[in-house]
Amino acid sequence: MTEAPIIDVDNLTTAFGTHVVHKDLSLKIYPKEILALVGGSGSGKTTLLRQILGLDRPRAGIVRVFGRPVHDYVGAERVALTHRWGMLFQAGALFSALPVFDNIALPLREMRNLPEDLIREVVLMRLSWMGLTAQDAALMPSALSGGMVKRVALARALALDPELLFLDEPTAGLDPQRSDEFVELIRVLHRELGFTVVMVTHDLDTIAALATRVAVLAEKKVLVEGTLEKVMETKHPFFDAFFHGERAVRAFGATNSKDTDHGKS
Amino acid sequence: MALTSGNASTPVLSGASAAAVAPLVAMDGARCRVTGNWNVQALAVKGEVRRLKQALAAIKTEGGWDLSDIGLLDAVGAQLLWRQWGQKIPAGTALTEGQQALFQILADHPVSEAPPQNATDWLAWIRAIGVGWFVVGEHGRKLLLLLGGFVLDFFKFLANPLRGPWREISAQIYRVGTQALGITALVGFLIGVVLSYLSAEQLEMFGAGRFIVNLLGIATVRELGPVLAAILVAGRSGSSITAQIGVMRVTQELDAMQVMGISHGQRLILPRVIALAIAMPLLVLWTDAMALFGGMLAAKWQLGLSIPWFISQLPDAVGLTNYRITLIKGVTFGIWIALIACHFGLRIEPNTESLGRGTTASVVTAITGVILIDAMYAVIFNEMDI
């Protein structure tokens with residue numbers, strides 16, 4: 001790919017105390033792709049996401065987002081940057097003191113100057129788009145099921161139509177049907193809105209259905225990156241367990257290509 | 001289709017005049033051309049949406065709309081156009097494939113009209129008073145149940161003390177007692193100094209300077225020491241107990257304990273109540289001692305009373321009865337604070353706001369209760385002539 005990367009992680013080293021998580025990790029993410037970050041538990045996938053979002057500071061190396069180091073965005077520039085991305089946290093991270101409606105309206109209200117009736121229409125449209133009803137809008141997050149939390153969190157992440165969407169374990173905790181629906185939802189949104197997706201996932205079905213490129217985190221760096229087929233051909237103990245284990249055969253057995261429709265179409 | 005006359009190709013509206021990206025609606029012949037950026041960033045300029053709405057409302061076009069030169073269009077901008085179009089794409093409108101898809105989504109997910117505002121309820125305040133009483137009654141009932149549960153757990157503990165939660169009790173005593181020594185000492189000492197300093201002046205006027213020992217002794221040991229220590233502990237440990245149990249509700253730890261058959265009463269409430277019942281009287285004594293120490297120093301500066309004399313006079317002035325009263329108050333306040341903190345902690349719902357409210361309510365109730373109990377003790381001891 002010759003296009004300029006939207007995210008450029010350059011020789012990143014992360015460590016907590018003496019525990020090194022990433023060592024000279026480099027990764028480029030290009031516009032409009034869906035990149036899946038995979039790796040065993042504790043391989044630093046979520047930590048990498050936090051580095052890209054600028055929530056943590058690396059010990060060494062640079063993370064560039066939209067061409068500039070993420071920690072160089074300060075003040076109004078940082079605010080403008082946050083309008084260009086959205087993040088779906090693993091547990092949703094919905095504001096528990098606010099009902100569903102206000103959770104989604106919050107980023108729009110933070111823009112200032114948008115009239116409340118327009119915000120209302122946009123929020124209700126998004127809820128309906130995520131398969132939720134206007135009655136759900138009045139619920140508090142504690143009254144939502146796991147699948148609904150994910151949908152509301154996705155609606156909030158998409159509230160400002162971001163160019164860049166981060167998903168941390170988007171299908172974790174959902175039943176297979178909900179999970180398939182959620183994957184389908186993201187795929188339709190990606191096709192129609194054309195954003196870039198960086199997702200951390202353990203779920204092979206999700207990778208098979210969504211990812212245009214896979215990056216495998218192991219041994220403190222990106223061990224392999226490329227299409228799913230290419231990654232699966234790599235010889236490494238981790239891949240044998242992860243991509244060729246029993247679960248993988250189940251997930252990839254019939255549909256070993258992401259062109260194949262996954263779940264319902 | 002007839003050409004619309006007059007204002008053809010006149011910009012109906014422009015945003016910030018120089019910026020090429022500002023959203024714009026303009027007539028171009030029979031067609032209405034929409035240009036500029038129609039995304040949330042461009043629309044979130046003060047007054048922009050209102051102006052665009054007026055401009056859109058003013059347009060009566062027969063020739064359809066042309067969106068081909070639009071810069072960025074997102075769901076917010078599309079929603080604005082969509083509403084003005086009356087929830088359908090006007091005939092003869094040129095859309096790119098992406099725009100078509102976007103408006104198709106809007107068409108698939110119509111938004112209902114805003115529900116009418118409920119009429120103002122003029123009698124709401126009367127209802128609020130009634131509800132308030134019910135809430136108070138509910139709190140009282142729950143608190144009584146909690147106390148009963150604690151008494152039962154305590155008897156179980158006495159029947160089989162070896163199986164009791166000793167580690168938790170010891171940890172709690174350290175947390176609510178040992179770690180509170182610094183702050184209670186500081187506050188007690190300062191209050192002692194202030195009290196002694198102020199009363200020394202008055203007493204000296206009557207030449208009764210040496211009665212400062214009686215005044216300080218009775219006031220601190222009987223009233224001030226216990227109440228001061230209780231207020232500090234309620235703010236310090238009461239709030240932390242409530243918050244801790246509350247977060248356990250949020251993180252489902254309370255549910256996990258129930259599933260494992262571990263009783264909240266035995267593992268959470270019993271150790272905390274016992275720990276405060278043990279630590280509180282000790283803290284009260286400590287506060288008393290510090291207040292008397294501060295008062296003694298102030299009396300030496302102000303009245304020149306010697307420290308050995310002050311100490312020798314103390315036993316006569318205070319007496320064993322007052323010493324017992326201070327201990328009884330300490331135990332009662334400790335149990336009260338722990339029960340209130342646990343009560344509000346267990347009532348917290350799994351959201352952040354409830355956590356904040358619960359902690360506040362816990363501290364306020366604990367302190368108010370301490371002062372009420374203190375007043376009750378004053379009446380009781382007075383009737384008993386001690």
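The radius of gyration is taken here over C-alpha atoms, and the globule rule is 2.2 Å times the number of residues to the power 0.38. Under this rule a compact globule of 386 residues would have a radius of gyration near 21 Å, but chain B has 36 Å. The structure is a predicted model, in which local features need pLDDT of at least 70 and side-chain atom pairs count only at pLDDT 80 or more, while totals for chains, interfaces and linings use all residues. Residues are numbered from 1 along each chain as its sequence is written, and chains are lettered from A and ligands numbered from 1 in the order in which they are written.

Along its principal axes, the C-alpha atoms of chain B fill a box of roughly 110 × 60 × 45 Å. Chain B contains 12 helices and five strands, where helices (H or I, at least four residues) and strands (E, at least two) are DSSP runs numbered from the N terminus. Of the 386 residues in chain B, 35% are buried; a residue is buried if 20 or more other C-beta atoms lie within 10 Å of its own, exposed if 12 or fewer, and partly exposed in between, with C-beta atoms placed from the backbone. Among the contacts in chain B with a separation of 6 or more, 81% involve residues 24 or more positions apart. Two residues are in contact if their C-beta atoms, placed from the backbone, lie within 7 Å.

Within chain B, the axes of helix α7 (residues 181-205) and helix α8 (residues 212-250) come within 10 Å and cross at roughly 145°. Axes are lines fitted to C-alpha atoms, for helices over the stretch in contact, and angles run from 0 to 180 degrees between N-to-C directions. The residues of the contact of α7(B) with α8(B) comprise 14 nonpolar, seven polar and one charged; Ala, Val, Leu, Ile, Met, Phe, Trp, Tyr, Cys and Pro count as nonpolar, Asp, Glu, Lys and Arg as charged, and the others, Gly among them, as polar.

In chain A, four strands form an open antiparallel sheet in the order β2-β1-β4-β5. Strands β2 (19-29) and β5 (68-69) of chain A stand at the edges with a single partner strand each, so one side of each is left without a neighbour in the sheet. Two strands pair if DSSP finds at least two bridges between them. β1(A) and β4(A) run antiparallel and are joined by five bridges, with Val65(A) in β4(A) as the bridge partner of Ile7(A). Strand β4 (residues 60-65) of chain A pairs with β5(A) in the antiparallel sense over two bridges: Val65(A) stands opposite Arg68(A), and Arg64(A) has Pro69(A) as its partner. These two strands, β4(A) and β5(A), form a hairpin with two residues between them, and Phe66(A) in the turn has a positive phi of about 50°.

Helix α1(A) is mostly covered, with six of its eight residues buried; Leu48(A), Leu49(A) and Ile52(A) are among them. Gly54(A), which follows α1(A), has a positive phi near 80°.

Between the chains, 29 residues of chain B are in contact with 22 residues of chain A. On the side of chain B that touches chain A, two or more residues each come from α1 (40-43), α2 (48-58), α3 (75-84), α4 (97-108) and α12 (352-383) of chain B. α3(B) gives the most to this side, with five residues. The residues of this side of chain B divide into 15 nonpolar, seven polar and seven charged.
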